[in-house]
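Keep the structure open beside you as you read.

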Amino acid sequence: MPPYVLPDKCDGCKNEADPWCVAVCPGNLFMIDPVTSKALCRDPGECWDCMTCTIFCPRQAIVTQVQYQLAPIPAELIPRLGKRHITWTLIDCKGRIYRLENMILAGEGEEED
Amino acid sequence: MRERVYIDTDILIIGGGTAGCLAAWEARRVGGPKLRITVVDRANIRHSGSLAAGQNALNAYINQGTPEDWVAYVRYDLLGAPVREDILLSVGYELNETVALMEKEGLPIKKDAQGRYLRRGKWNIEVNGRWLKPITAKMAEKAEAQILNWVYITELIKQDGRCVGAVGFGVRDGRFYVIKARAVLMAAGGAAGIWRSRYEGDAHHRMWYVPFNNGASYAMMKRIGAEMTGFDTRMIPLRIKDTYAPAGTLAIGVNAPMVNALGEVFMLEKEEYVRMGGHTAPTPVRVWACYREIAAGRGPIFMDTTRGDPEKVAGLREQYLDMSPTTVLYWAAHDIDPAREPIEIEADSPFLVGAHAACCGAWTIGITRMTTIPGLFASGEALGQAPSRYISGCWTCGRIAGRHMVQWLEGEGTEVPELDPGLVAQLEARTFAPLERWSKQEFFTNGKPVRGILPREMETHMQNVMEDYCGGRIRYFTVSEPYLEIARRRIDRLRRDQLRYLVARDLFELERAWDVINRLDCCQLVIEHISYRKETRYLGFVTRTDYPERNDAEYDCFICSVWHPETDTLVFKKYPYEQIVPGDRTKETI
Ligand SMILES: Cc1cc2nc3c(=O)[nH]c(=O)nc-3n(C[C@H](O)[C@H](O)[C@H](O)COP(=O)(O)OP(=O)(O)OC[C@H]3O[C@@H](n4cnc5c(N)ncnc54)[C@H](O)[C@@H]3O)c2cc1C
Ligand code: SF4
Ligand code: SF4
């Protein structure tokens with residue numbers, strides 16, 4: 001299942017009308033569970049693995065995993081959104097940690113909180 | 001009756017993607033402040049469509065030579081097939097200007113030490129493309145277009161032979177949208193999910209093309225009688241196996257050679273492939289060669305990154321984070337390091353596209369982007385016979401469409417009369433039919449509808465038919481008439497008498513229901529077009545085992561079809577190919 005939501009981290013975007021994950025999914029897959037008020041991907045099989053929801057979640061509550069039929073866990077890829085860059089933390093199956101970055105908008109202007 | 005939203009606009013753009021957003025921008029630029037422009041998308045245009053996951057290059061850019069040289073390259077890359085050189089040239093003249101415009105809007109383009117755009121071959125530049133979509137969407141926002149996010153368009157409206165708008169449903173609010181327009185642009189992308197996916201369950205959408213573009217463009221235009229063309233081509237992407245990342249970044253980005261299991265650089269070492277162009281052979285040929293190697297027992301096929309440019313290989317992960325981040329995660333989970341071992345590649349299922357390496361779409365009049373239905377324009381993947389436009393070409397093509405729509409409004413595109421209420425009611429009933437049927441269903445004790453068919457069930461049936469009988473991956477992409485005949489019978493059966501059982505339990509499933517309705521119309525186009533072209537012109541993409549040769553006398557031309565609703569058949573006609581750029585079509589000019 002590509003995007004999992006961690007219940008302890010998701011705050012449902014504080015009942016905002018349009019929670020981030022719901023607003024950004026190109027496949028309309030995210031919804032807020034009416035019972036728990038937390039987000040969920042309603043049909044993981046329909047997911048394109050674009051990671052947009054994962055990048056945008058302000059609480060880093062969404063974890064993207066490669067489908068188990070394709071790759072064993074654990075390995076983790078955790079994005080952190082800055083103003084002009086995304087900083088990714090990659091942890092591979094051997095536990096090695098890498099920090100990677102990609103630019104999203106042109107220009108210098110500073111960065112990271 | 002459901003709650004209705006009526007919208008009256010001058011220009012309606014269906015699909016706020018690569019082409020759609022730039023069409024809005026250009027229409028405002030030339031049409032002035034009074035023009036009413038409306039963009040409708042099934043998702044949020046800031047994060048929708050092909051650019052949703054980002055991409056790391058602009059595959060159409062004139063780094064050297066002239067627009068004519070680029071056109072010569074495009075037709076070469078599709079094996080010298082007939083392409084609309086007029087349309088391609090119109091794009092070529094404005095390509096670089098459009099890219100400069102997007103750079104000004106914030107798109108980070110990679111530069112070399114001298115400050116020039118970083119080239120990747122003759123026609124390609126590298127970008128940091130993770131934010132391509134928000135930057136593109138900003139153009140429609142700047143144009144102050146009215147943007148309707150989360151509205152799925154289901155049908156175009158035709159009155160007195162002219163396209164006068166469209167209808168759809170709000171995927172969040174369930175309202176029925178009735179949009180009247182003086183000009184309509186179809187820019188809802190190409191079609192994914194026609195053939196069976198390689199995987200099931202949670203990975204069944206791990207595919208190259210965006211699974212949320214489902215042929216709505218093609219199906220809607222077909223249904224109102226526009227001439228459709230190019231469905232005898234299909235795009236078969238070579239990608240990093242198990243991911244949706246195209247292999248191009250490895251080939252031209254880091255100079256990794258394609259090798260078979262024996263380590264042979266077969267495109268350069270084997271006479272039959274060298275004759276067809278070696279490692280710069282046309283795109284379909286490279287797919288064909290891979291499959292030939294696999295069939296001969298020399299698979300799997302790899303991109304040998306250990307022989308690539310080491311500096312560039314080291315930066316690969318960052319590049320994939322720009323366009324397919326889960327590839328990086330996949331490598332990490334399998335302990336794959338491209339500097340240490342070659343990367344396996346495989347062909348994905350076929351997809352229908354018109355702006356990538358295939359020709360599917362509507363036939364258009366001259367360079368106006370208007371289809372054969374007055375008032376209906378097409379751009380991006382929805383426009384036929386002008387392949388290899390990619391992102392930058394779609395932006396440009398969108399701009400050109402925007403300009404011609406404004407011209408049409410100033411000329412023949414006069415006010416449209418009121419919409420016929422009877423027709424609107426009929427379209428409403430049609431739009432919500434699967435939902436209505438659900439409410440009338442009986443259910444088995446496990447909750448499965450007694451007579452109803454769920455969208456996913458019908459989709460699976462359709463994909464199995466297309467995979468087995470219309471040249472799927474398991475048939476090595478080959479087709480022949482006896483197979484096609486079975487595909488035809490089964491798909492017709494689904495379209496003609498199974499759709500009345502299609503049920504949807506909620507709005508989310510109604511989207512899926514319309515996806516399968518649209519895909520089924522695409523299947524008909526594909527089967528009939530492939531069957532009509534009794535030759536093999538696109539070796540690798542559509543290989544006919546019953547007609548393995550090219551037949552220039554009969555088929556070196558454009559082939560178009562019109563759908564006749566009374567008989568539910570496609571009627572074909574041919575147009576001659578007009579070569580504008582002189583020279584041997586099977587060769588590049590530079
Ligand atoms: C994985 C992948 C990698 C690629 N890599 C590159 C690359 O590196 N470089 C390059 O130049 N090109 C690349 N391309 C090609 C390029 O992205 C496309 O050719 C181009 O973006 C197509 O633009 P479009 O406007 O036709 O479609 P899109 O940009 O996909 O827009 C279609 C829009 O229509 C909407 N829509 C669909 N159906 C409906 C409906 N029924 N109602 C309302 N809205 C609807 C969608 O939500 C979407 O927003 C790649 C494509 C893919 C899929
Ligand atoms: S964006 Fe994150 S915090 Fe907000 S609702 Fe979604 S998962 Fe929860
Ligand atoms: S990864 Fe992309 S497609 Fe999948 S749920 Fe997240 S935003 Fe939607």
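A cavity here is a set of points on a 1 Å grid, laid over the protein atoms alone, where a 1.4 Å probe fits but cannot get out; a molecule sits in one if more than half of its atoms lie within 2 Å of its grid points. Before going further, please note that this is a predicted model, in which local features need pLDDT of at least 70 and side-chain atom pairs count only at pLDDT 80 or more, while totals for chains, interfaces and linings use all residues. Residues are numbered from 1 along each chain as its sequence is written, chains are lettered from A and ligands numbered from 1 in the order in which they are written, and side-chain values use heavy atoms, with hydrogens and water left out.

Around ligand 3 you will find Pro3(A), Cys25(A), Pro26(A), Phe30(A), Cys47(A), Trp48(A), Asp49(A), Cys50(A), Met51(A) and Cys53(A), each with a heavy atom within 4 Å of the ligand. Sorted by class, this shell holds nine nonpolar residues, no polar ones and one charged residue. In this scheme Ala, Val, Leu, Ile, Met, Phe, Trp, Tyr, Cys and Pro count as nonpolar, Asp, Glu, Lys and Arg as charged, and the others, Gly among them, as polar.

Ligand 2, in turn, sits in the second largest cavity. Its surroundings include Cys10(A), Cys13(A), Cys21(A) and Cys57(A), along with Asp11(A) and Gly12(A). The shell of ligand 2 divides into ten nonpolar residues, one polar and one charged.

Now step back to chain A, which is divided into domain 1 (1–62) and domain 2 (66–112), with bounds from an automatic or database domain assignment. The C-alpha centres of these two domains of chain A lie 18 Å apart. Eight residues of domain 1 of chain A are in contact (heavy atoms within 4.5 Å) with eight of domain 2 of chain A. Between them about 690 Å² is buried, 63% of it from carbon and sulfur atoms; buried area is the accessible area (1.4 Å probe) that two parts lose on being put together, summed over both.

In chain B, the assignment gives domain 1 (238–347) and domain 2 (441–576). Their contact takes ten residues from domain 1 of chain B and seven from domain 2 of chain B. The area buried between these domains of chain B is about 720 Å², with carbon and sulfur atoms giving 82%. Pro284(B), Trp288(B) and Tyr291(B) supply 59% of what domain 1 of chain B buries there, more than any other three residues.

How many residues meet where the chains come together? Contact joins 51 residues of chain B to 52 of chain A. The two chains bury about 4500 Å² between them, 61% of it on carbon and sulfur atoms. Trp131(B), Asp202(B) and Leu329(B) supply 16% of the area that chain B buries against chain A, more than any other three residues. Seven salt bridges are counted between chain B and chain A, each being a side-chain nitrogen of Lys or Arg within 4 Å of a carboxyl oxygen of Asp or Glu. Asp43(A) forms a salt bridge with Arg456(B), the closest N and O atoms lying 3.2 Å apart.

Notes: 1 Å grid on protein atoms, 1.4 Å probe; cavity = no way out; pocket = protein on both sides within 12 Å on 5 of 7 lines; lining within 4 Å.
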